[in-house]
Amino acid sequence: MPEAPHPRPLYLVDASLYVFRAWHSIPDEFQDADGWPTNAVHGFARFLLELLEKERPAHIAIAFDEALDSCFRNRLYPAYKANRDPAPEELRRQFTHCKALCAALGLSVLSHGEYEADDLIGSALHAARPQDFRGVIVSADKDLSQLLGEHDEQWDFARGQRWGMAGVKARLGVEARQIADYLALTGDAVDNIPGVSGIGAKSAAILLAHFGDLDTLLSRVDEVAFLRLRGAATLATRLREQREHALLWRQLTTIALDAPLGDIATQHARGQADGDMLAGLSDALRFGPMTRRRLRVAAGLE
């Protein structure tokens with residue numbers, strides 16, 4: 001029998017992570033033609049060019065966060081991400097430039113007012129798998145590891161680290177399929193999710209190793225008191241008392257797989273670059289001659 005073909009890679013980029021990283025790490029010394037800072041878009045362009053030059057992806061989608069305070073999770077829990085300061089106008093403008101740059105390069109751009117970048121990545125991967133794709137998720141965000149299937153991998157681009165589904169436990173102490181439950185138990189300070197009081201990373205990992213998932217844990221909560229686990233009786237009590245909260249936290253930590261993506265028939269194949277748009281952006285953002293040439297080469301215009 002002929003060997004089954006390996007699934008094609010679909011690169012799914014968590015753009016906001018790299019925009020924010022550039023915003024915080026690159027000095028505010030670049031300005032556009034109107035005098036607004038462009039440090040984040042310069043840093044994002046540098047990252048994007050390195051990725052395109054290194055991998056030459058045939059299929060790629062760049063996911064942006066637009067649902068900063070309008071996400072469906074905010075309706076479930078109004079305090080979701082309420083610990084974050086709103087992005088200043090100087091940064092919001094640069095997000096717009098980053099999206100325009102991706103479009104000018106012919107890359108598929110994903111954004112939605114009610115779904116976060118994680119949800120768009122998850123939904124794109126879920127839709128692409130039946131079409132013989134595997135995901136290469138370009139992000140360091142631990143939440144995204146819950147999406148990893150047998151052939152998928154996650155890539156922390158800045159650190160040069162890649163891992164698949166089998167490598168998640170060594171990194172986080174739980175299986176990929178358990179991450180949403182794990183975060184529901186421990187909480188996630190970054191997203192302002194409290195978790196179940198008294199349950200830390202170690203006890204959550206032990207509970208999930210024993211019970212498998214949150215639903216089984218809650219249905220067999222009476223057994224928790226008898227586990228060889230420090231403070232087991234107290235944990236059992238808290239799980240009973242905070243059952244509904246735990247289920248709500250899991251709704252918040254679970255990445256959606258049904259976000260609207262528009263026309264996915266293209267399979268996020270790289271499209272035709274727009275040379276005029278790319279030139280206009282390069283002028284407006286005051287890109288140097290080296291960056292302009294690299295952009296044209298990456299876009300297939302040279």
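Arg162 and Glu153 meet through their side chains in a salt bridge, at 3.2 Å from N to O; the term denotes a side-chain nitrogen of Lys or Arg within 4 Å of a carboxyl oxygen of Asp or Glu. The model is predicted: local features need pLDDT of at least 70, side-chain atom pairs count only at pLDDT 80 or more, and totals for chains, interfaces and linings use all residues. Residues are numbered from 1 along each chain as its sequence is written, and side-chain values use heavy atoms, with hydrogens and water left out.

The structure holds 22 salt bridges, including those tabulated here.

| Pair | Closest N to O distance |
|---|---|
| Asp156 and Arg159 | 3.0 Å |
| Arg250 and Asp215 | 2.9 Å |

Burial is expressed as relative accessible area (buried under 20%, exposed over 50%, partly exposed in between; 1.4 Å probe, protein chains only). Glu153 is buried at 16%, whereas Arg162 is partly exposed at 37%. Asp156 is buried at 2%, and its partner Arg159 is exposed at 59%. Arg250 is buried at 19%, while Asp215 is partly exposed at 42%.

A network of salt bridges links Arg73, Lys81, Arg84, Glu116, Asp119 and Asp191.

Pro37 is also buried, with a relative accessible area of 11%. Leaving aside neighbours within four places in sequence, Pro37 is in contact with Asp28, Phe30, Gln31, Glu90 and Gln94, where contact means heavy atoms within 4.5 Å. Pro37 and Glu223 lie 186 residues apart in sequence and 57 Å apart in space, C-alpha to C-alpha.
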